[in-house]
Each structure stands twice: as structure tokens, then as C-alpha cells.
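User: I'd like to go through this model with you, a bit at a time. Could you start with the terms before you get to the values?

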Number of protein chains: 2
Amino acid sequence: MAKKKKDLRRENIIEIAAQLFKQKGFSGTSMRDLAEQVGMDAATMYHYISSKDEILKTICFGIATTYITQLGEIESSDSSYIEKLKALVRLHLHLMTTKGAEVSVANNDWKYLSPEALQEFKDLRSHYEKRFASLIEEGIQAGELQEVNRSVALFTLLSAVRWVELWWKPNRGITLEELENTILTILFNGLEKKQP
Amino acid sequence: MAKKKKDLRRENIIEIAAQLFKQKGFSGTSMRDLAEQVGMDAATMYHYISSKDEILKTICFGIATTYITQLGEIESSDSSYIEKLKALVRLHLHLMTTKGAEVSVANNDWKYLSPEALQEFKDLRSHYEKRFASLIEEGIQAGELQEVNRSVALFTLLSAVRWVELWWKPNRGITLEELENTILTILFNGLEKKQP
DNA sequence: GTCTATATCGTGATAGAC
DNA sequence: GTCTATCACGATATAGAC
């Protein structure tokens, strides 16, 4: 069955909400601000969504489950640990360039989730990080990666790409592929030039 | 002349404010929350500070000028470009481990600055980034760094260390020196193990 | 210097007419 | 479905007693 008009409207509201939350923060965005951007009265929005909290929850968990689903596919692929880790970095870049606003909200405004949702979200993130860290651990064991502190490697990889969410616009004079290759070169081969 | 009692009290308020802003965000923190942590009534705080905005401004510009001052010292030092860039990364790590709350606020809550302050802050940051980018450019020209997109290198370096502000606690089982060395190894030599 | 009391405004959310 | 009107609350900030 096709999506109902009401569902589409709801998705539109959430999409615009993500952009505003990214711009002004969750607490800094009022339902009146949002209504204005959507083009309806604040009261009318409550016909499509049940609360401001619910919007935040939808955005954050949408991103979290996307990451975890894709991680599963990467884990079960038939490639080296280096290739799996590179695929993960590419996944982050891909999501930041296609769903920048939602990723930004999930990265920065998750702390405003209601207590139960907050706990569940933290659990999901911690679960994701553990599986990410396992790939690093196994990569080191297999001799593909340098012997470095696992946590430092994990968070450096996760963090190194986060600026892209703020910086990326379609016309930056660089393709997504070039962007990916440059970042992967820095992280896996290093910025320093090897002596010939 | 020694600092007055009133100034010390003011600094204490701002320090606690930075911790709360980091935890709950600028908009998510009320003057009543802050007053409670400081241990006085909200109205009394206004004897020491003039507004919530002023607190934010003090924090953000304090961090910005610290970064720029230290950048100046690094630029004028007598070392290779690689060493200068490594010193900059160390500077970021040092500030995040000694002034984590303030750095977090300057990184995440600067968007709540009042319009004039906002513009000035953006200008300072852009000025800092330009000088940072120059070191990368010159490092590439000198053949010390790989030929990569300058902006990507700049923001990857800046971003790669930002998780430390959230993660660092004195007892993580890793010294600041180990942390620095690991991050610098990843960024400048790469995570991938070189074939012998 | 520190408090109580309060002015004024913006917030999330709802009731109910149409 | 969409609006107007409104409620209950919490926000920043100030006035003024002590």
C-alpha cells in the first residue's frame, strides 16, 4: 500500500525539523519556528506529530538503526579488516553527505532525549562502537593495522570525519569520491610524506 | 594588584556555567540551574555577571584568543612544518584536557552568541583556520606532507581530536603523552601497518 | 551582597469552532 | 485539517527591602 498523504506530511515536518535543529539546536528551536518553516500553524502540526520529543526520537533512532544495519552488511562482507574499516568510514561520509541534518541532530542533540529514550540511544551507540572496535582489534591481531590503543583509534576514526557534516555542500569543488579518498589516505597512510 | 573577591566569584560562576553548558547545552541550562550549582540565588548572580549572553561571550572569546595566541608562538618557532602541525594538534589536546568544558562550549554553543559577537567569533575562527591552513600549504610545498586537498587536511586534523574533550578523564588508564603520541601516529603515519 | 517578589515574555501543548 | 484562543509553566532579568 502506498504511503498516505498524512505520512508524507509527517515526514516533511521531521525533515524540516532536522534542518532547524542542526541550525539552532533542539532547545533553540521552538515549535512555532518549525511551524513557520513548514508553512502551517503550530497547533496544526500536532495533527501530524504528537510532541517535540517524538520528533527528536524519530530522527535519532532513524540514524542509529541505519548505522547498525549497514555495519552488519560490512561485517559479513568478504574483505580484509582494512577494507571493512574503510567501508565504515565511507558509510559515515555517505550518511553525512546525504542526511547531513539528521546525522547532525543525532550527533549533537541526542542529550535532549527523554530519559528512557536516552538510555536506549546510548545503548545503541555503545553497541555500535563495540562492534566497530572489534574490527579494529581483529585488524591489529591480523597484522593489518599498527599496534595502537584501540579506543584512541576508534574515536579518532569516528571523529575525524565529523566536520564533513558541517562543511559539505554539493558545489565545494570536490567530488564525494575525492573527499573519501583524501580522508582515507590521511587516516590509513598518514599525512606525512614517505621518504623515497 | 591582586584579584578582588568579586572577580574570583565571577570567574567561579563562569567556570561552573561552562560545565553546565557542556552537559546540557546553552539553551538547556537556566540561570536557576546555574545559581543552584553555584550556591546562591539566581538574582544574586546578577551582582557578578550582567547577563547569560555575557557568560557565553566570555567563555567563547577566552578560548578563541588562547588558541590564536598559542598559534602565534608555534608559527614563530624554529622547526619543520610537520613539527609545527604536530605542536598544533598537541595544543588542541592540551586545551581539551585542561579546559574541556570551555572548549566544548566554544565548539558547540557559539551559535547562541548575540549577532555582533557571533560575527566577531566567526571571524576569529576563520582567521585561525587560515593560518592553520597556511602551515599545511607550506608543508606540502616544502615536500614534508603528502599532496592532498588542503581543506580536507585542515578539517580532518581539527576534527580528529575533538572526541577527546568528551572522553578524557584523568583516570582513563592512558597518560596524556601516550594519547598524544597515538593520535599523532595515526594522523601523520597512518593506521595501516607498513609492509616490512 | 543577598534575598523575596515580580514583571514580561516565550515555551509546549490543548480545546474547540469551523 | 486548519485555525484562534488560551492554559500552565519556566525563562531572563529587575526592583527594592534588609
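Analyst: Buried area here is the accessible area, taken with a 1.4 Å probe, that two parts lose on being put together, summed over both. This is a predicted model, in which local features need pLDDT of at least 70 and side-chain atom pairs count only at pLDDT 80 or more, while totals for chains, interfaces and linings use all residues. Residues are numbered from 1 along each chain as its sequence is written, chains are lettered from A and ligands numbered from 1 in the order in which they are written, and side-chain values use heavy atoms, with hydrogens and water left out.

User: OK, what area do chain A and chain B bury between them?

Analyst: About 3600 Å² is buried between chain A and chain B, and 65% of it is on carbon and sulfur atoms. On the chain A side, Gln146(A), Leu191(A) and Glu192(A) lose the most area to chain B, together 19% of what that side buries. In terms of contact (heavy atoms within 4.5 Å), 42 residues come from chain A and 42 residues from chain B.

User: How many salt bridges and polar contacts are there across the interface of chain A and chain B?

Analyst: The rule for a salt bridge, a side-chain nitrogen of Lys or Arg within 4 Å of a carboxyl oxygen of Asp or Glu, finds 0 across the interface of chain A and chain B. For polar contacts the count is 18 residue pairs, both residues being at pLDDT 80 or more; such a contact is a pair of N or O atoms within 3.5 Å, where within protein one must be able to donate a hydrogen and the other to accept it, and residues adjacent in sequence count only if both atoms are side-chain atoms.

User: And which elements of chain A give two or more residues to that side?

Analyst: They are helix H1 (5–24), helix H5 (81–98), helix H8 (150–160) and helix H10 (176–189) of chain A, with helices (H or I, at least four residues) and strands (E, at least two) taken as DSSP runs numbered from the N terminus. By class, the side of chain A that touches chain B divides into 18 nonpolar, 15 polar and 9 charged residues. Ala, Val, Leu, Ile, Met, Phe, Trp, Tyr, Cys and Pro count as nonpolar, Asp, Glu, Lys and Arg as charged, and the others, Gly among them, as polar.

User: Switching to the fold: how many helices and strands does chain A have?

Analyst: Chain A has 10 helices and 0 strands, and its C-alpha trace spans about 65 × 40 × 35 Å along the principal axes. Of its 196 residues, 47% count as buried, where buried means under 20% relative accessible area, exposed over 50% and partly exposed in between (1.4 Å probe, protein chains only).

User: Which salt bridge involves Arg90(A), and what does the pair tie together?

Analyst: Arg90(A) forms a salt bridge with Glu180(A), the closest N and O atoms being 3.3 Å apart. Arg90(A) lies in helix H5 and Glu180(A) in helix H10 of chain A, so the pair ties together parts that are 90 residues apart in sequence. Arg90(A) is partly exposed at 29% relative accessibility, whereas Glu180(A) counts as buried at 11%.

User: What about Arg90(B) and Glu180(B)?

Analyst: Glu180(B) and Arg90(B) also form a salt bridge, with their closest N and O atoms 3.3 Å apart.
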